Amino acid sequence: MRGMTGARSAAAVLAVAGVAGVVATGCGGGGGGGGSSNNSSSKSINVAIVDNPQMKDIAKLTPSLFTKKTGIKVNYTVLDEGTLRQVTTRDVAAGGRQFDVAMIGPYEAPQFGQAGNLVDLTPKAQNSSAYQFNDIIPAVRNALSADGKLYAAPFYGESSFLMYRKDVMKKAGITVPPRPTWDQVAAIARKVNSSKMAGICLRGKPGWGDLGASFTTVLNTFGGTWWSAKPDGSVDKAMVNQPQFKQALQFYTGLIHDAGEKDAANSSFNECLTQYKDSKVAMWYDATVAASNLEASDSPVKGKNGYAAAPVKETKDAGWLWSWALSIPKTSSKQDVAWKYIEFATGPQYLKEAGAKIPGGWAALPPGARKSLYDIPQYKKAAAAFAKPTLDSISSAPITNPGTTKRPGLPGVQYVGIPQFQDVGNQCTQQFSAVIAGRSSIDSALSNCQQVASQVAQ
């Protein structure tokens, strides 16, 4: 990752926060993007979170469920995925002091933790009887750890799977296999595609964690890879110019062109969620957490959805493994207060209290992080359609062996666990998104991406 001084980092975050959603919760107002001058009280912390429905829920509930009990005011800065990743890289990893708690995932947690940028949460988590450390789903906990140290506490855990409208498929006389291939999914999408309802929604928005996430799972199962690995696990050669990579990109962009959503080059999770709920797409391949929103009590498609495993081609499994999780930067001067917030936000008690309070009801709780969630009677009933598919997808995510060849870096499915992947993924998905938008050819995009990826191995 490219370095940045603390002063430049803070300036970058402030510039971002000026256009991001800033939500102040607790008593007395205040903003989340204002730096130390707005955070003079020891009972106030600044928290950066991603702009997803479950995070918006906790932001609304924090005053009543947390601040009222502790007196700790939480200033939330709500950022889209791409911007949040820029902020955590520029601020947390470069020693900035903007946030006391930052939301990150399995890509960042092990790298930032090993680099000394994050507080090891293991002692605090293990010593808190209320937190129930061993209740965290092991696959998710391991993904956020390095050398046995937990560097981020999971708010929710997810894999990826295929969501589809059962009523649309029934009308078309189609049965979606429980473990489909990508060829089967593509055939179904093209068959049900119409002027009123696209066959499938796939991420097309540039970003290593946007288009890059869903495309990389396709790349893996098509037998392709971003880089080959040396015997010691380091980066060897860029593999973007290989036939399997081109085949995967041709398949992905071709399916979007034939049966994908409108404005696909600007669509990621939130945009696909909106189009699916508005009955503008018949299928959607994305994060398992989406089902929490589709089956929520206020969802217009509640009860109309089927769930199938992540589609495959050359591999047995293809679903990713991710968690939006809360970390404490080493630079925070309020680490004890920050932990109290994390203990609340990612602990089992929040799940028990929030289910009856959030707009979407019990089904809309953050899933996939804690085993005890699946023992709550109200949740078991509300999440009956997607609970098992979610857990099955998480447990089968091929995090240590995602493709057909060995990859470099730390384990990961929808990303390559090396620091340089963030920059390479962002640059290359700009190229791939241009293909989706019809502004570039596949050959040109691959050639440009190969040049970018080749610089890593030099």
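A residue counts as buried under 20% relative accessible area, as exposed over 50% and as partly exposed in between (1.4 Å probe, protein chains only). With 36% relative accessibility, Gln132 is therefore partly exposed. The model is a predicted one, where local features need pLDDT of at least 70, side-chain atom pairs count only at pLDDT 80 or more, and totals for chains, interfaces and linings use all residues. Numbering runs from 1 along each chain as its sequence is written, and side-chain values rest on heavy atoms, with hydrogens and water left out.

Gln132 isn't a glycine, yet its phi is positive, near 55°. Its place is the loop between helix H5 (122–127) and helix H6 (138–143), with helices (H or I, at least four residues) and strands (E, at least two) taken as DSSP runs numbered from the N terminus. Ser279, not a glycine either, has a positive phi of about 60°. This residue sits in the loop between helix H11 (269–277) and strand S11 (283–287), and its 28% relative accessibility makes it partly exposed.

On to the aromatics. Rings of Phe, Tyr and Trp (its six-membered ring) pair if their centres lie within 6.5 Å; planes under 30 degrees apart are stacked, over 60 edge-to-face, and the rest tilted. That rule gives 34 aromatic pairs. Trp208 and Tyr415 form an edge-to-face pair, because their ring centres are 6.4 Å apart and their planes stand at 80°. The two residues are 207 residues apart in the chain, and both are buried. Ring pairs also link them into a cluster with, among others, Tyr107, Phe215 and Trp226.

Arg85 lies over the face of Trp208, 4.6 Å from the ring centre (CZ of Arg or NZ of Lys within 6 Å of the centre and within 35 degrees of the ring normal).
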